[in-house]
Amino acid sequence: MNTPARRQTHQVKIDHITVGSESPVVVQSMTNTDTADAAATAAQVRELSEAGSEMVRITVNNPNSAAKVAEIRQRLDDMGCNTPLIGDFHFNGERLLAEFPECGRALSKYRINPGNVGKGAKGDEKFAFMIRTAAGNGKAVRIGVNWGSLDQSLAKRMMDANLASPAPQPPEAVMKEALIVSALESAEKAVALGLPEDKIILSCKVSAVQDLIQVYRELAARCRYPLHLGLTEAGMGSKGIVASAAALSVLLQEGIGDTIRISLTPEPGTSRTQEVVVAQEILQTMGLRSFTPMVTACPGCGRTTSTVFQELAQDIQRYLREQMIVWRLQYPGVENLNVAVMGCVVNGPGESKLADIGISLPGTGETPIAPVYVDGERKVTLKGDNLAAEFLAIVREYVETNYGENGRKRDRSRIIPIQTA
């Protein structure tokens, strides 16, 4: 599969993770627990990590939260979870880092929003303290500019200059430029204060797809810093997923973006890990990374009035993702496994032969049997009430045989082309 060439940037080391240039695009997420509750926050970080989040951001907004960061780090280390923690600072970050130096040491990266640091000389002093603390601790910094919290003094200065121009631009264009200027000027200040260029990541988040694409294209053209991608306040459910995928896929296809976060609003009572799954699926469906075996399944039509194939596809996808917590260590390469669960004879055999393992379930009026294909060849025909359990057993056997120390890499070149009716 041809994948887009990555934009060349500085490489930033964040503990055991390298961000930038040819390094894999990193999946990031954020907790929504009260950071002052160290046990709950550590538990959610671990949950996000097990789902596949490679860095996790936590809120550090008051003394109670700052005082618990080192404990959270220790709890994670005790669990065997080495996921880097990112401290999200707004308004009072310099005071919290000064009062709780162990907080700054326990974090792997600081997130600083220039628009929320402060105004004028006082704001400059606060920004300088945070940058010097990061440099002193050898930590990376994401300078994260947001549309909703843009430095108003900078915005006013640029608006006034635009009005005085002989050919003024629309206000929206000036605001987009102000986002970019804020990020770049803040990075210049950080370097002047002693933070190395290879410790800086930039972001300019907005909430509209076309605006995000335009801003990041321009930002990428004007710097060599790694860029963190994400729609801010993407939204809930399918809206947030679709908007994030639409924006990030365009930029990633152009080689822009080094870390991503999907800022979904979780539905009440649902797991925070959905944002991790969406981020992974964007990267995997684009061929940029592999995280978990993929399940190909047909959408269903009048030929597939039974829900058996839908239920089996759902069960297989859930099973594979749950197993990856163990499989990613025990069976290297299994994340590239492809499974097909098809609902009738139209595309069923063809898609099943193209997959590593595929099952073609009977459609309405078809003979009640389900041929299973392994590496393009028909292996067995299943039927009866235990069909789902028998197919899962075949999947497990395939993984154990083909991956890990004693496994082999399958030669995909011998798979026959798909044939459809």
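Colleague: Which residues of α9 are buried?
Modeller: In this predicted model, L212, I213, V215, Y216, L219 and A220 are the buried residues of α9.
Colleague: What do the buried residues of α9 pack against?
Modeller: They pack against helices α8 and α10 (237-253), and also against β8 (200-205) and β9 (228-229).
Colleague: Which residues is L219 in contact with, leaving aside neighbours within four places in sequence?
Modeller: L219 is in contact with I180, L184, L202, C204 and L227.
Colleague: Which residues touch the most other members of the largest nonpolar core?
Modeller: L202 and L219 do, in a core of 79 residues. Helix α8 (residues 171-192) gives the most to this core, contributing nine residues. Another core lies apart from it and has 33 residues, including V341, A355, A370 and V372.
Colleague: Let us change topic to α12. Where is the kink in α12 centred?
Modeller: The kink is centred on M324 and amounts to about 60°.
Colleague: Why does the distance between the end C-alpha atoms of α12 agree with what its 23 residues should span?
Modeller: Helix α12 covers residues 308-330, and at 1.5 Å a residue it should span 33 Å; the end C-alpha atoms are 31 Å apart, so the two values agree.
Colleague: Is M324 buried or exposed?
Modeller: M324 is buried, as are F309, L312, A313, I316, Y319, L320 and W327 in α12. The buried residues of this helix pack against strands β13 (294-297), β14 (338-342) and β15 (357-360), together with helix α14 (387-402).

Technical notes. Residues are numbered from 1 along each chain as its sequence is written. This is a predicted model: local features need pLDDT of at least 70, side-chain atom pairs count only at pLDDT 80 or more; totals for chains, interfaces and linings use all residues. Side-chain values use heavy atoms; hydrogens and water are left out. A nonpolar core is a set of buried Ala, Val, Leu, Ile, Met, Phe, Trp, Tyr and Cys residues joined through side-chain atoms within 4.5 Å. Buried means under 20% relative accessible area, exposed over 50%, partly exposed in between (1.4 Å probe, protein chains only). Helices (H or I, at least four residues) and strands (E, at least two) are DSSP runs, numbered from the N terminus. Contact means heavy atoms within 4.5 Å. The expected span of a helix is 1.5 Å times one less than its number of residues. The bend at a residue is the angle between axes fitted to the seven residues ending there and the seven starting there.
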